[in-house]
Amino acid sequence: MKILGVDYGSKKIGLALGDENLKLVIPIKSIPNDGSVYSKILDLLKEYRVSKIVIGLPLTLRGNEGQRAKEVREFANKLKSFLTEGVEIVFWDERFTTEEAYRYLEGYSWRKKKDYKDSISAFIILSEYLETL
């Protein structure tokens, strides 16, 4: 089963693709969070035959949902309205993934870190999810 990992951001959305059977994840790209974001995600779902989406949920340090988590849930609800039957959305605690993404990118220029941080964060979210299966 193919899974899409999503790191939601107000400006960019990081994406990663994984395979549940192989337990393999690759960061694929970041896309602008603009009016075409839903159609771009739907195109990826069709292209890769994705049947599950794992969306990072930014909880507070105490594990509560704040304003950012509310924004992510609103994004997910709108995305759900476009999905075909059989595509499941799962939320995953994404605390500290941005910091971990920067560690992955250590040694790269600041510009490269900004370009890849979101897709690496999606990679981390999806990798952690797959490790629990």
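Me: Rings of Phe, Tyr and Trp (its six-membered ring) pair if their centres lie within 6.5 Å, planes under 30 degrees apart being stacked, over 60 edge-to-face and the rest tilted. Which residues form one aromatic cluster here?
Reply: The cluster consists of Tyr8, Tyr38, Phe75 and Phe82. The model is predicted: local features need pLDDT of at least 70, side-chain atom pairs count only at pLDDT 80 or more, and totals for chains, interfaces and linings use all residues. Residues are numbered from 1 along each chain as its sequence is written, and side-chain values use heavy atoms, leaving out hydrogens and water.

Me: How many aromatic pairs does the structure hold?
Reply: There are 4 aromatic pairs. In one of them, tyrosine 8 and phenylalanine 75 have ring centres 4.9 Å apart and planes at 40°, so this pair is tilted.

Me: Where do tyrosine 8 and phenylalanine 75 lie?
Reply: Tyrosine 8 is in the loop between strand 1 (2-7) and strand 2 (12-19), while phenylalanine 75 is in helix 2, so the pair ties together parts that are 67 residues apart in sequence. Helices (H or I, at least four residues) and strands (E, at least two) are DSSP runs numbered from the N terminus.

Me: Is that pair buried or exposed?
Reply: Both tyrosine 8 and phenylalanine 75 are buried (under 20% relative accessible area; exposed is over 50%, partly exposed in between, with a 1.4 Å probe and protein chains only).

Me: Changing topic, how many salt bridges are there?
Reply: The count comes to 7 salt bridges, each a side-chain nitrogen of Lys or Arg within 4 Å of a carboxyl oxygen of Asp or Glu. Among them, lysine 2 pairs with aspartate 19, with the closest N and O atoms 3.2 Å apart. Lysine 2 is in strand 1 and aspartate 19 in strand 2, so parts 17 residues apart in sequence are tied together.

Me: Are lysine 2 and aspartate 19 buried or partly exposed?
Reply: Lysine 2 is partly exposed at 31% relative accessible area, whereas aspartate 19 is buried at 11%.

Me: What does lysine 12 do?
Reply: The side chain of lysine 12 meets that of aspartate 118 in a salt bridge, 3.6 Å from N to O. Lysine 12 belongs to strand 2 and aspartate 118 to helix 4, so this contact ties together parts that are 106 residues apart in sequence. Lysine 12 is partly exposed at 28%, and aspartate 118 is buried at 7%.

Me: Which residues are linked in a network of salt bridges?
Reply: Lys12, Lys117 and Asp118 are linked in this way.

Me: And which partner does aspartate 93 have?
Reply: Aspartate 93 forms a salt bridge with arginine 95, the closest N and O atoms being 2.5 Å apart. Aspartate 93 is partly exposed at 28%, and arginine 95 also counts as partly exposed, at 27%.
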